[in-house]
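The tour below goes through aromatic rings and the charges beside them.

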Amino acid sequence: MLQRARDAYARRDWLTAREAFTRARPVDVGADDVYALSNCHWWLGDVAAALPLQREAFERYLADEQPDAAALVALDIGYTLSLRGDGAQASGWLGRARGLLEGLPEGPVHGYLLHVAFEEAFEARDLGAALETAERVHALGVRLRDAGVTALGLLGKGRVLVRRGQVAAGMPCLDQAMLVAVSDDLDPAWAGNIYCHLIAACYEIGDLRRAGEWTEETARWCEAMPGSGPFLGICRVHRAQIMQVRGAWDEAEREATLVTRELTELDLPIVAEAHYLLGELGRQRGDASAAEAAFREGHRLGRDPQPGLALLRLALGDVEAAAASIRTGLTAAGEDPLGRARLLPAAVEIALAEGDLDQAHAWSDELSGAADRYGTSSFQLAALHARGSVLLASGDARTAAPVLRDALRTGRLVDAPYDLARTRLLLADVYRSLGDEASAALERETAESTFGKLGVRRTANRDRDRSPAGLTSREAEVLSLVATGRSNQQIAAELVLSVRTIERHLSTVYQKLGLQGRSARAAAVAYALREGAGRRP
């Protein structure tokens, strides 16, 4: 029975191996067998059963005077506790592992611990220290002729290079590491670590094509190991993220919901990400209560709820809260260009809703710079959409038209129907401002059809409720107050804005309505009363 267990473990048949090891346990099995049984439980998602066995294996290796093997188990325990959110205990076990290795000849476990140091530096945004550590890992792997340690070094170098904007140099490093991860040359737990890092990098820069290819390959790799629950669950989250962008919302919801049920005892960051994804699906569909609950649960588990929560506040009409949230998020992102780039599309949209064109323009320029730097279609789509929004809000519909047409072409490469539909609505406003009602109607009808297929609630889609002539909500609000006979000074006091800002809004309104001269204000009031464009939300 013990031999049957070892054979099954060697071919990564966790179910058979666990059953056979459990039945063989009355025999005086060795530390290797106890460690193998702990790994079977871990791979089958039963961490409560895995941890005591890991501790038992650790003690057995110490008793057998195998400090390097004991250090490896201590590292495993530290990683498991870290994923569960037990940071203090995890730190203690990692410290044990380092202590056991002092004075020992270099081996693979030294590389694994160095990789942990890389992760700590990378998470702390100390990219210089992270790159130096990754290079040490890689050099050690080359010296040891160990494919796994070498792959971890490549992984670290790739992540730092991508974070620095050197995508062309960084992504090949990640691809090379993944080739090792999906082979049989690396312990499956470290292979999973490589996969998670690669997908995180792809998601950060919006490289959905590469993320999709490697996610499917990793799913096949997991399915070849019967019962590999944890990493199949991790694959589910990343597949769900891709499904969300591509408009397969029902499938994305099912995958993310499974993760929230199955991985709560194993990988809290992944569970938190799944809740955030459910929040985004709720927000895009127009289910505000479900979105808020999911964002809050993700936040409780450690996932920053931005920019989703800020956009939800905006959709509910609380522009002030949305602006405060997105500014806090940008402040927290600091100088991290990727972290800021993921927040900037929402920041531009919220600034326009505030009526702060100067800030919207500045953030749009920053987003365009990120799109140029990282070069992915997802960033380019977001940057073009933001730029078109700012141009339209500034009254420059003629310049906005070709920008938004470029956004549509880029969006087809991404295969992002929701984002494409939002861009079509914006383009419809541009065409209407230019007097092309037929083209505006065509774009709007196409967008409405897409929203219908996706299941978006009309009342929740603020883009479709845009005022005639492409007025933003703030411009419509100012126009509504003008229509009541208030002066610019009175409007500024009521909206807690400067008189200059009110004058700028009115200038933009006049441009969008095609009004000029001394009669522009009176004509705008007449337009507001006739069309209802000036009704306050």
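Is Trp249 buried or exposed? Select Trp249: its relative accessibility is 1%, so Trp249 counts as buried (buried means under 20% relative accessible area, exposed over 50%, partly exposed in between, with a 1.4 Å probe and protein chains only).

Before going on, note that this is a predicted model, in which local features need pLDDT of at least 70, side-chain atom pairs count only at pLDDT 80 or more, and totals for chains, interfaces and linings use all residues. Residues are numbered from 1 along each chain as its sequence is written, and side-chain values use heavy atoms, leaving out hydrogens and water.

The structure holds 13 aromatic pairs. Rings of Phe, Tyr and Trp (its six-membered ring) pair if their centres lie within 6.5 Å; planes under 30 degrees apart count as stacked, over 60 as edge-to-face and the rest as tilted.

Next, select Trp42 and Trp43, an edge-to-face pair with 5.4 Å from centre to centre and 75 degrees between the planes. Both residues, Trp42 and Trp43, are buried.

Tyr418 has a relative accessible area of 11% and is buried.

Last, select Arg303 and Tyr276: the charged end of Arg303 sits over the ring of Tyr276, 3.6 Å from its centre (this requires NZ of Lys or CZ of Arg within 6 Å of the ring centre and within 35 degrees of the ring normal). Likewise, the charged end of Arg96 sits over the ring of Trp93, 4.4 Å from its centre.
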